[in-house]
Structures are given as structure tokens and as C-alpha cells.
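Please open the structure in a viewer and keep the sequence beside it.

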Amino acid sequence: MRLSRSLAAPLLALLLAAAPGLAVAQSSPAVDRPVALAPDGRLPLRGTPWRLEGYADRGTERVPAPELAAWMTLGADDIKASGGCTLFGGRFANVGAAIRFQLRGVKDKDCAQQTTRVQRAMVKGLRDAASYAVVPGDEPTADQLVLLSDAGDALLRFGLDDIEALAVADWRLVSYTVDDETLPAALDQAAILSFRPERENRARRTSSGPASGSTGCNGLVTQFFRSADVLSFSPIERTDAPCSPALTAQEAAMLSVLGATSLELSLPAEGMILTSADTGASLAFVSQRPLEDSTWLIDPAALGVDPGTTITLRLSGGTAAGEGPCGPYGASYVTDGYFITFHDPVGSGANDCSAATSERRLLDRLRQAVMLDRDQPQLRLRDAFGRTKLRLTSATAP
């Protein structure tokens, strides 16, 4: 049975009054894709990290500037949010499509003028909301949440918030544009970009820190600066090795885009697109399987052991360990996401192992490895001359 609006409003007030008091949010929610979709296959109201994409202002919908990120996440009966400057919290209740919010800790002191305008519009929209609708997109991750007034007018429009994806993945180049033509990335050597945030303001969604990677030919190091959907880099330092013609063209395209005054950042599912504000040229990346806390299967053929032998490598917190041809082995390692060094590899020490030669080969090849070459879900360890020393496949690959 559908509740009428006249019955839903007092029931919501009753639910809010009965809910326990909640402290104002002191930190932003973890920004991740929801664990599961709702039964209807759409993004669920609760648990989805929502980012503000539009707000009502004097009868017109306004869009927040790309460098401003206002967001909210709804729990069982609580809300944690930011208007793009400061954090606030409160409670909410819903019955069917009816919804009501009670907010606490709302402040906009020391916010920039435009940020204050957006934050106040978001707070007003939440306080005036009477119902909601999840509007289907082409796929669930493109769904939108719209909050409506008593009169049915759209107050706030939200989309899926993927603002922190840079911190949890390395990125492999799959294509780039030159003179409006899209070209595939070179396949023989992966071009990688990795971000390591050191300073973050979760309320304003700004972050900065080192970025490193490879053009497919030369390594590069820089600093990145991010404000919501706007990204920029400091002058890029890179190595100066000679490149093949294909990699020379790819490197020039990458450096041109990364050196732009600012970049528009887009994060579609499992991807990242960087578009130059100066020229409109773009780079398209896919998310790499992260190294940290990853487990890999080593190709036994390269070690001269039975093809059915399971040889593993797990990388976690600077410790490499696994099951080798003769039993457990281990080492320490350091990596920046592109280069890697293994220190003091030690085998099982089993004197009676028939595969002792293969075990020594495994440890030697770990010592020789200096470079990572990832093509999800595969990983190659290369030496200083670019020769593949070990081929690995993710143990969690489908």
C-alpha cells in the first residue's frame, strides 16, 4: 500500500524523533562503490556515496564548478556530508519515496564565496526535501539521486561519487589523441601513471602528492594537485632514453597533456580520462590491479619445473613471500609502482629438494628484477635491460 503524503510526513517526523542522537561527522565516509546494488538493480539510497551534480537556485538548476565537490552518504538513519567546504551530519528517515532530513553542525565560515553559495544551497535543499527518486542511467553507476520539494520541484541532483579513485589504483594508458584522432597505446611497453597522495582535505576533496610512472619508454616523476575534477602537475622530470618511433609519438602526446595548465578529470567505471584544458587532447587509462596485498601465480615454465606446479608471490607491506619450487621463500621489496627492488631473497634451504636449481633460478630472477610491466591481470618483472625475468598472473583473476 502506498502512503499518502499527508500520512508520510507525520510518520517521518515520528521516525526522526525516535532515532538516537548522532554526533556531527568528524570525517568523510569511505568513498567506494556500494557493496551491492538494490534489488531493482539500481544504486541503493543507503551506502552509495553521492556527489552533488546540480542544485536549485532561484528556479534554475546550477552545476557546481568542477573543482568543487559537495557530497553525502546515507547510513541506516544518519547522513554524513560536505557542501564542498565543511563537514556536517545529522539524521534522516524515509518511508517509500518520502524523505526528511534533520541536519547538525552546519557551518560555512571561512569558505570561498562560490563554495558558500553551493554549501548553503545544498543545506537548504536537504532541509526542504520531501521525497526522492533514483533516476536510471545507461548503467547502474550512472544512476542519479534527485531530491524533490513538497511541490515536486527538483532541489538537488546527485551522481555516484568516485572522487577518491586516484588514491587506490595505478593507471595504464590505453589510448591517446593527436589532432582529434584516437590512437591505441603501444602494447610492447606499458605506460603507467601512479598517484601517492600525501596531503588531503576530505571535506573539500583536494589532494596533492607525488606522481610517478612511465611513458612506455622513459620514467617520469612529478607532483600532482587535485581539486575535485580538476587536476594539474608540476614540471615533469623524466629519464632520457632513446625511444622507438611509436613510443616517441606516445611520449610526446602524454607529456603534452600532462603539462597542460589544467586537466579535466573524468573517472568512468574502471577508467580515468585526462583532458587538456589548453588543447582538448586527452589520455585514456584503465585501472591496474594494485600491487599492495596482491597475490600472483608465477609461470613455472620459466623456472624449469613441472607445468602443474603452483608457485606464488605475495606482496604486502614491503614483504614478499610465497611458495617456491622447494617450499616457502621470502624477501623484502620496495616499489614506486613502476620500479621494484627485491632485497635478500631466501629460499627454503631444503638440501634434499629435487627442484633446488629451479628455486635458485627464482631467487636470482627476483634479485635481477628492477621494473614492473603490468597488463591486467598479468605482471612481468623485467631486468635493467628490459628482459622479462618472471611472468605472473593475478591469483584473483577471473
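**Confidence before detail**

This is a predicted model; the mean pLDDT of the protein is 83, and 84% of its residues reach 70 or more. Colour the chain by pLDDT and select helix α3 (residues 245–258), where confidence is highest, at a mean of 95. Then select helix α1 (residues 5–18), where confidence is lowest, at 53.

Next, select residues 1–7: pLDDT stays under 50 there, and the model has 5 contacts beyond four places in sequence for this stretch. Residues 19–36 are also below 50 in pLDDT, with 46 contacts in the model beyond near neighbours in sequence. Where pLDDT is low, the predicted coordinates should not be read in detail.

**The largest nonpolar core**

Which residues touch the most other members of the largest nonpolar core? Select M72, F101, M122, L126, L147, L156 and F158, which hold that place among its 29 residues. Several elements each supply at least two residues of this core, including β1 (49–57), β5 (87–95) and β9 (154–160). Helix α2 gives the most, with 5 residues.

Now centre the view on M72.

**Aromatic rings**

The structure holds 4 aromatic pairs. Select F92 and F101: their ring centres are 5.9 Å apart and their planes lie at 25°, so the pair is stacked. Both F92 and F101 are buried. Finally, select F195, F224 and F233, which ring pairs link into a cluster.

Definitions and conventions. Residues numbered from 1 in each chain as written. Predicted model: local features only at pLDDT ≥ 70, side-chain atom pairs only at ≥ 80, totals over all residues. Heavy atoms only, no water. Phe/Tyr/Trp six-rings, centres within 6.5 Å; stacked < 30°, edge-to-face > 60°. Buried < 20%, exposed > 50% of the residue type's maximum accessible area, 1.4 Å probe, protein only. Core = buried A, V, L, I, M, F, W, Y, C linked by side-chain atoms within 4.5 Å. Helix = DSSP H or I, 4+ residues; strand = E, 2+ residues; numbered from the N terminus. pLDDT = per-residue confidence, 0-100. Contact = heavy atoms within 4.5 Å.
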